[in-house]
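Reader: Could you take me through this structure? I would like to learn the terms as we go.
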Amino acid sequence: MTLDQKLAVLSDAAKYDASCASSGGQRRDSRDGKGIGSTTGSGICHAYAPDGRCISLLKILMTNFCIYDCAYCVNRVSSNVTRARFSPEEVVTLTLEFYRRNYIEGLFLSSGIIRSPDETMADMVRIARMLRTEHHFRGYIHLKTIPDAAPELIEEAGLYADRLSINVELPTDRAVKDYAPEKDPAQIRRAMADVRLKREAGKERSFTGKRPPRFAPAGQSTQMIVGADGADDTTILRTSTRLYSGYKLRRVYYSAFSPIPDASAALPLIKPPLMREHRLYQADWLLRFYGFEVDEIASATSGGNLDLEVDPKLAWALANRHLFPLDVNRAEREMLLRVPGLGTKTVGRILSTRRHRTLRYEDLRRMGANLKQAKPFITLLDWRPRALSDVADLRARFAPPPEQLALF
Amino acid sequence: MRRVELPEIGTFEAWRDEARALLGAGVPPEELLWQRGQGDGDLFAEALPPVGGAAVSVPRGFVDLARLVVWHRDPERFARLYAMLWALRRDRRLLEDRGDPRVEKLTRMAKEVSRDRHKMTAFVRFREIGQPGANRRSFAAWFEPTHHILELTAPFFVKRFGDMDWAIFTPDLSAHFEGGALRFATGATRPDLPEDATEELWRTYFRNIFNPARVKLKAMQAEMPKKYWHNMPETRLIPEMVATAQARAREMAEAAPTLAPKRAERITARLRDGPAERSHPASGELTDLSTGLSGCRRCPLWQDATQPVPGEGPQDAALMIVGEQPGDREDLEGRPFVGPAGQLFDAVAARAGLDRRAAYVTNAVKHFKFAPRGKRRIHQAPNRGEVQHCRWWLDLERRAVKPKLILAMGATAVESLTGDRRGLTARRGGIERTQDGTPVLITLHPSYLLRLPQTERAAAEALFESDLRRAVQMLGAINAGPGADAPAG
């Protein structure tokens, strides 16, 4: 198999991992002329594929041979896809040559499990070590950790990698047992707990005042497949909250279950609910940056699932209309963040400008507010929604018109 | 009308110096005509020798804004910046007013430049131009930015590509990094760069990382506008990728499930029926505890916790210490009393002469009960049912260790051991008995001490310490006593 053919197989096999982020972590560069690469902290998307996803890293599998049989996975042992395996040198060369041409920010390396978790993890660590120590590569490295691998391997992985991730795969332990019988949810949680502990230990100075080497400075993330099992959105968001608070994850990625080549008969083959994935991300943002609690978001769902037609913040505001309209010139930050159409940046600008003068409708437009959404929920010096926020069909103003049924 | 000419290289510094001097000399904005490079300019404006003026200070935020705005392609940018400087003399906090139209215009221009800069760091594509065997490898690229951002963006490439030579040509200027030094040159035309074989590999990657089951063209174009496409080797594939996506997705959905390869069955059977790879070695009665505990579903607390936290210590310990439940730290490590409360306990125990390593340390409830609040997990007291269910495990530990004395810390431990949690303050320091007669010394929980206000803390800590001393004395008496080897009670 040529390098080009291997790359085709092993990037195709890696695309079901949603994450491609290269953000966070320490800043590095190669101004000393002794190596290559830099990380800026904010990440760069070097291209976008027609699926709308950012291509920031060379996201590949070391091999797609795998001894596990996870029903949702294209690489499961019972699948008939073409198999391939990179040598560590090939991964290193591809990473460096792509990097030198400014195609990528770095490498996101994942792998099927071959022989044993330890042997697979040892090969991945070897690639990271070659990049960092032989080639002085200072770009971004994201390693997908194998939960059952030996702690020393994880320890070494964290020294080379900016980010480590372990996929929880599915929202409930029950679903993991059903669809990924070789994986152990408790072991996955322990591995994430371990990464958090090692990261925290890496931040503390010893009694001599020395800092230990940083461990996975860009933190850890995980991914959940949405729509393969029966879990509703509230269940998914509760799991996320648990992961964020327990293991200090940077991100939980939601991946709408996508039809795969040679799919297992155990799974439904339906069009991926992309809007559901989008709504979950919106709700995730509300939890992390807007001060919402899961129960509040859950209260505005129907049957535990987020409204697909309007975003979760608007859904919450529509369900809590007694709190609106809100006086933008007086309201607290916490409440401003709950107004549909006002983002964290706009709220920051409102607070800074409010110290100088009373705000008008036009001011809010200049500050970047989405007034089409916000206007029924706010009052300003020259704006009052009048009856707008009371009308019964307020939701209909935001929801898309009902689709006409297709003739059959 | 005074004409101010700015050079094409070092434009920001030149503008800053001119503006500083003009402002110091009190020249109003309407008397100035700004110009970058050799333009035809206004025939009626005259270039005057620089004016000398007093030093001026400006808000920090303005300099950051100007560093971006000077590279905007709008010919009015220098004049707008100077007008803002002029306005800032009277109202130094003007920039904080995000509703002001002048501020809004400048911030928007800064944002446009900043975005263009970001896209340049993303979409420049180098081709290798050096000779094989050369000391440093060399690369070159042609790029067409929307604004005049090469000088602004070049430091990014300097930091990133330290060990190679590179050149970036734009219609405006070119940047050259050779042997570790950066220089700029004017008047670039599109260079003829040789084919680079790595581009084919990159296209292979681009084609295969795309998931045909989810086409989102708008999202792609919002972030990668078409104006950048013609200088990127991968974008020529997009039309074909989009055209065939639907058919490929349909094909995947319609394909009938295939028979698994023969080896699959063998491998799966080996994994599922084989012995667990990392089972803990058996070494005595209590090893059943950790394996048994990990499957415990007696109450729902296991669902949110990382792992159960079994007791720890010698299995023939004379002293058993029982706390409430694992906390955040204990839940992560899987060991009892390693968090802040555990550290306080260790400190007080050391003062009281109590050797924790000789004791069996455990909790009344083995899973961490909490409520997530933002980024933290807030401890929640276990309820009566949870304490009752978990007593099964504590009883197992008591039967295995057969302690001579139990130190019960806090109401939950007391409830689990004596059946009653009421009136802890009055009972503290007293000795009670478990159903089988083992003496239980009642004391406070160290995390209670941590929650007390500083003024009450010292007194409570002294009580706690005296209880620990009492435990040490009792153990001494038990060990020295005639019936020391007999089972307690």
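Author: Let us begin with a term: a residue is buried if 20 or more other C-beta atoms, placed from the backbone, lie within 10 Å of its own, exposed if 12 or fewer, and partly exposed in between. This is a predicted model, in which local features need pLDDT of at least 70 and side-chain atom pairs count only at pLDDT 80 or more, while totals for chains, interfaces and linings use all residues. Residues are numbered from 1 along each chain as its sequence is written, and chains are lettered from A and ligands numbered from 1 in the order in which they are written.

Reader: How many residues of helix 14 of chain B are buried?
Author: In helix 14, residues 410-418 of chain B, 8 of 9 residues are buried. Helices (H or I, at least four residues) and strands (E, at least two) are DSSP runs, numbered from the N terminus.

Reader: What covers them?
Author: The cover includes strand 9 (319-323), helix 13 (384-401) and strand 15 (439-443) of chain B, among others.

Reader: And which residue follows helix 14 of chain B?
Author: Gly419(B) follows, with a positive phi near 85°.

Reader: Changing topic, what domains does chain B have?
Author: Chain B has domain 1 (2-120), domain 2 (124-186), domain 3 (202-252) and domain 4 (287-480); such bounds come from an automatic or database domain assignment.

Reader: How many residues of domain 1 of chain B are in contact with domain 2 of chain B?
Author: In domain 1 of chain B, 10 residues are in contact with 13 residues of domain 2 of chain B, where contact means C-beta atoms, placed from the backbone, within 7 Å.

Conventions
Two residues are in contact if their C-beta atoms, placed from the backbone, lie within 7 Å.
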